[in-house]
Every structure is written in structure tokens, then in C-alpha cells.
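The sequence and structure come first.

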Amino acid sequence: MDTSVGLGLFADWAIALMETLGSVGAGVAVAIENLFPPIPSEVILPLAGFTASQGSIVLWEVLVWTTVGSVVGALALYGIGAWLGPARLRRVVDRMPLMKVSDVDRAETWFAKHGSKAVFFGRMIPIFRSLISIPAGIQRMPLLRFTLLTAAGSAIWNTVFVMAGFLLGEQWHRIEQYTDGLQLVVVAAVIAAVSVFVVVRVRQRVQGTPTATVESRE
């Protein structure tokens with residue numbers, strides 16, 4: 001799909017919601033965006049700000065409802081993570097190629113130390129802003145702490161983009177050129193990390209095969 005066409009479709013969808021539900025529609029759109037990360041909040045939020053600048057909806061209500069929408073969407077993903085749980089996750093990982101159950105243990109240790117920062121700052125990183133809720137649910141981060149951190153981080157992210165749309169007015173779509181660059185950096189970092197992980201694990205398997213063969217013969 002052409003980028004401009006995709007932008008138009010998302011914009012039309014968000015506008016229809018806001019025309020029907022007002023500021024609540026912006027919150028509903030953000031909640032859905034949290035559940036389906038390919039839907040860009042970088043389109044929904046500036047558009048909501050632009051709509052507020054036209055007087056169709058109230059700015060402070062937009063800020064409140066988009067934050068509420070972020071929290072609702074995050075809690076849904078938290079629930080999925082809580083349902084999955086550490087034990088079920090270990091069984092899944094044990095069946096995955098190149099993965100080890102010990103990877104889950106290391107992830108748990110890391111999240112126990114840095115989970116609060118990950119949830120708060122993760123709300124301001126494309127892609128991760130939605131997905132970070134799942135490990136929080138798996139590790140059963142205290143629900144109140146998770147909700148407050150999510151609300152705080154989301155409020156900052158949402159306010160920046162809503163206000164940008166409000167101030168830019170009809171030029172709100174210009175924000176996309178900057179957010180596209182940020183998303184590209186995040187995607188590139190993820191691809192690089194996954195590539196390094198795969199190379200390291202394949203080397204470990206290859207280097208470990210002769211040893212395993214010798215031991216089995218002995």
C-alpha cells in the first residue's frame with residue numbers, strides 16, 4: 001500500500017470515530033492502536049490535535065481520553081501476558097529453534113531490575129510502546145504500578161503529538177516525515193539485534209555439535 005494512501009485511510013477512519021464519538025473517539029482509536037501496533041498513533045494523535053484546533057472537540061478532553069485509551073489498550077495486552085505466564089512461556093520457548101529456556105530466566109531477571117523504566121520509557125518508543133505490556137503481564141508487575149507508569153509515559157507521548165497537531169493545524173501530516181525516521185531507526189535496531197542473536201546461536205550450535213557427537217560415542 002502506498003504510504004499516502006495508507007495515511008489517508010487511517011486519517012479517514014480516525015476522523016469518522018471522532019465525528020461520531022467526539023473526544024472519546026480519539027481515545028477509542030488510540031486503544032485500538034495499542035492492540036494493533038501497525039495502526040500508527042503518529043497519525044491518530046496529531047489528527048486529534050488538528051481536529052481540536054478547529055473547535056470540533058476540546059483539547060484537554062482529547063489529552064485525557066487519548067491517555068485513557070492508551071491505558072485501556074495496554075491493560076488488554078497486560079492481560080494477555082498474564083494469561084500466558086512464565087510457565088506457559090517456557091513451554092513455548094522450549095519448542096522454538098535457537099531459543100533456550102534460560103533466555104526466559106535472563107529476561108525475568110532483567111525485567112525484575114528494569115521493568116518499571118521499560119514500561120515508562122517504552123511508551124515513547126514506536127512498536128515497543130504496545131508490546132512492552134506483554135512482558136509486564138507475564139511477570140505480573142503490580143497492576144497499580146503498571147497502570148500509573150503506563151498513564152504517565154503515554155500522557156507525555158500523547159501530549160507531544162496532540163499538541164504538535166494542534167499547533168500545526170492543517171499541516172499536521174508533516175509530523176509523519178519525522179516519525180517515519182524514528183520508526184526506521186527502531187526497526188533497524190530490532191533487525192540488527194535479531195540478526196546478531198541468530199548468528200551467535202547458530203555458531204553455538206555448530207561448535208557444540210562435534211562435542212555432542214564425541215560424547216554420545218563415548
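Predicted model: local features only at pLDDT ≥ 70, side-chain atom pairs only at ≥ 80, totals over all residues.

Among the elements, helix α8 has the highest mean pLDDT, 92, whereas helix α9, residues 175–217, has the lowest, 67. Over residues 210–218 pLDDT stays under 50, and for this stretch the model has zero contacts beyond four places in sequence.

Of the 218 residues in the protein, 38% are buried. The protein exposes about 12,100 Å², of which carbon and sulfur atoms supply 69%. Among the contacts with a separation of 6 or more, 74% are accounted for by residues 24 or more positions apart.

The largest nonpolar core has 20 residues, and those with the most contacts inside it are M18, L45, L47 and V62. The elements that give two or more residues to this core are α1, α2, α3 and α8, and the largest share, seven residues, comes from α3. A second, separate core of eleven residues includes Y78, F111, A118 and L149.

| Core | Number of residues | Residues included |
|---|---|---|
| Largest nonpolar core | 20 residues | M18, L45, L47, V62 |
| Second, separate core | eleven residues | Y78, F111, A118, L149 |

Within α2, the buried residues are S23, G25, A26, G27, A29, V30, A31, E33 and N34.

Where does S154 lie, and is it buried or exposed? S154 is found in helix α8, the element with the highest mean pLDDT. Its relative accessible area is 1%, and since buried means under 20%, S154 counts as buried. A polar atom of the S154 side chain lies 2.8 Å from the backbone oxygen of T150. Leaving aside neighbours within four places in sequence, S154 is in contact with S70 and R123.

Conventions
Residues numbered from 1 in each chain as written. Heavy atoms only, no water. Core = buried A, V, L, I, M, F, W, Y, C linked by side-chain atoms within 4.5 Å. Buried < 20%, exposed > 50% of the residue type's maximum accessible area, 1.4 Å probe, protein only. Helix = DSSP H or I, 4+ residues; strand = E, 2+ residues; numbered from the N terminus. pLDDT = per-residue confidence, 0-100. Contact = heavy atoms within 4.5 Å. Polar contact = N/O pair within 3.5 Å; in protein donor to acceptor, adjacent residues only side chain to side chain. Areas by Shrake-Rupley, 256 points an atom, 1.4 Å probe, with all protein chains shown as cover.
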